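This briefing goes through selected local features of one protein model, grouped by topic. Please keep the sequence and the structure in view while reading.

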Amino acid sequence: MHWFFDYPWGPALTWLVVFAVLAVLAVSFWSIRKEIKSAAGLSVIGLRLLALAVVIFLLLQPLTKAVTTSMSQSYSGVLIDTSKSMSIRDEGKSKSRLDIAREILTPKGDDLLAKLKEKGNVRLFQFSTTLEEMPIKGIAELDKATGDSTALGSAVSQMVERFGADDLTSLVVLTDGQDNAGRAPADVARSLLVPLFVVGVGEKSEEELQDEKDYAMENVVADRRVLINRTTDVSVSVTSRGFPNRQVPIQLFLGNRLIASTAVPLGPKRPRAEGLLAYTTSTPGKYTYTVKIPVDKAELDDQNN
């Protein structure tokens with residue numbers, strides 16, 4: 001800890017003001033020096049000089065500065081999926097999904113753990129229904145995937161809660177993406193305050209691909225500024241996966257009010273289509289419009305509609 005002055009007008013100007021005040025006082029005292037004849041008079045002058053010194057000291061705005069240093073342990077968290085689906089050997093592969101994930105982390109493959117260690121501390125976890133920490137050296141012995149289900153979102157959430165946002169610098173998750181328990185991964189990812197990196201392993205079978213059904217809003221193009229009483233077009237690109245041929249509606253809302261709609265043909269042979277919505281506004285102002293595809297109950301993900 002040390003003292004220093006925080007000069008209100010900068011060092012040069014502040015000291016110039018101080019010296020100017022002292023010079024005026026010196027001339028004033030010199031002019032009346034002969035009139036000061038008693039000890040009491042000298043005492044009064046001394047007290048005034050002391051008060052002036054205090055004022056000048058405060059004018060210089062004295063401050064103290066203390067520097068403390070603290071060390072915190074930050075970590076990168078690595079999560080590896082050990083649910084039963086990770087034991088699958090995909091068609092044309094001689095290794096299971098777990099074997100592939102393990103090789104990504106070790107010198108046999110990408111040596112990801114070593115690369116993360118170069119940047120800081122690393123802690124390794126395995127998860128299926130629960131999250132369990134394991135020693136880094138234990139990755140070589142991790143050869144069984146027996147978890148009954150995969151709680152991907154819950155595992156990520158527990159990881160953040162265990163470390164806290166301050167100590168956890170990043171999350172790396174190795175999984176085949178077969179999530180079927182716990183919190184929704186998309187909801188957890190949206191609330192994260194740390195970077196999340198997902199390394200996908202495995203391939204989806206034809207049956208799995210056929211079971212996935214989804215409509216998605218791929219792109220919306222619209223002018224940010226429009227003229228009142230003029231028709232404005234909104235171009236929308238949508239995609240379909242897993243559904244049969246059908247006319248898919250696209251809707252334009254102002255708040256909760258439907259103001260325009262159209263439909264586009266989508267299906268296995270036409271998985272992507274463009275739709276055009278038109279609307280007219282008659283009142284100047286700032287408005288927020290929303291484009292939606294009605295959610296089908298069979299959809300895998302209704303967050304991209």
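Leucine 58 is exposed, because its relative accessible area is 55%, where exposed means over 50%, buried under 20% and partly exposed in between, with a 1.4 Å probe and protein chains only. The model is predicted, so that local features need pLDDT of at least 70 and side-chain atom pairs count only at pLDDT 80 or more, whereas totals for chains, interfaces and linings use all residues. Residues are numbered from 1 along each chain as its sequence is written, and side-chain values use heavy atoms, with hydrogens and water left out.

**Helices**

- Leucine 58 lies in helix 2, which covers residues 39-59; helices (H or I, at least four residues) and strands (E, at least two) are DSSP runs, numbered from the N terminus.
- Together with Leu50, Val54 and Phe57, Leu58 makes a nonpolar surface patch of about 380 Å²; patches are made of residues with over 30% relative accessible area and no salt bridge, like charges being joined within 9 Å and nonpolar side chains (Val, Leu, Ile, Met, Phe, Trp, Tyr) within 5 Å.
- A salt bridge, in that sense, is a side-chain nitrogen of Lys or Arg within 4 Å of a carboxyl oxygen of Asp or Glu, and accessible areas come from the Shrake-Rupley method with a 1.4 Å probe, only the protein chains shown counting as cover for residues.
- Helix 3 (residues 97-105) is largely enclosed by the rest of the structure, because seven of its nine residues are buried, namely Arg97, Leu98, Asp99, Ala101, Arg102, Ile104 and Leu105.

**Strands**

- Strand 9 (residues 231-241) and strand 12 run antiparallel and are joined by nine bridges, two strands being paired if DSSP finds at least two bridges between them.
- Valine 234 has leucine 277 in strand 12 as its bridge partner.

**Loops**

- Aspartate 111, in the loop between helix 3 and helix 4 (112-117), has a positive phi of about 55° although it is not a glycine, and its relative accessible area of 24% makes it partly exposed.
- Asparagine 229, in the loop between strand 8 (214-221) and strand 9, has a positive phi of about 60° although it is not a glycine, and counts as exposed at 54% relative accessibility.
- Leucine 193, in the loop between helix 6 (185-191) and strand 7 (196-200), counts as exposed at 75% relative accessibility.
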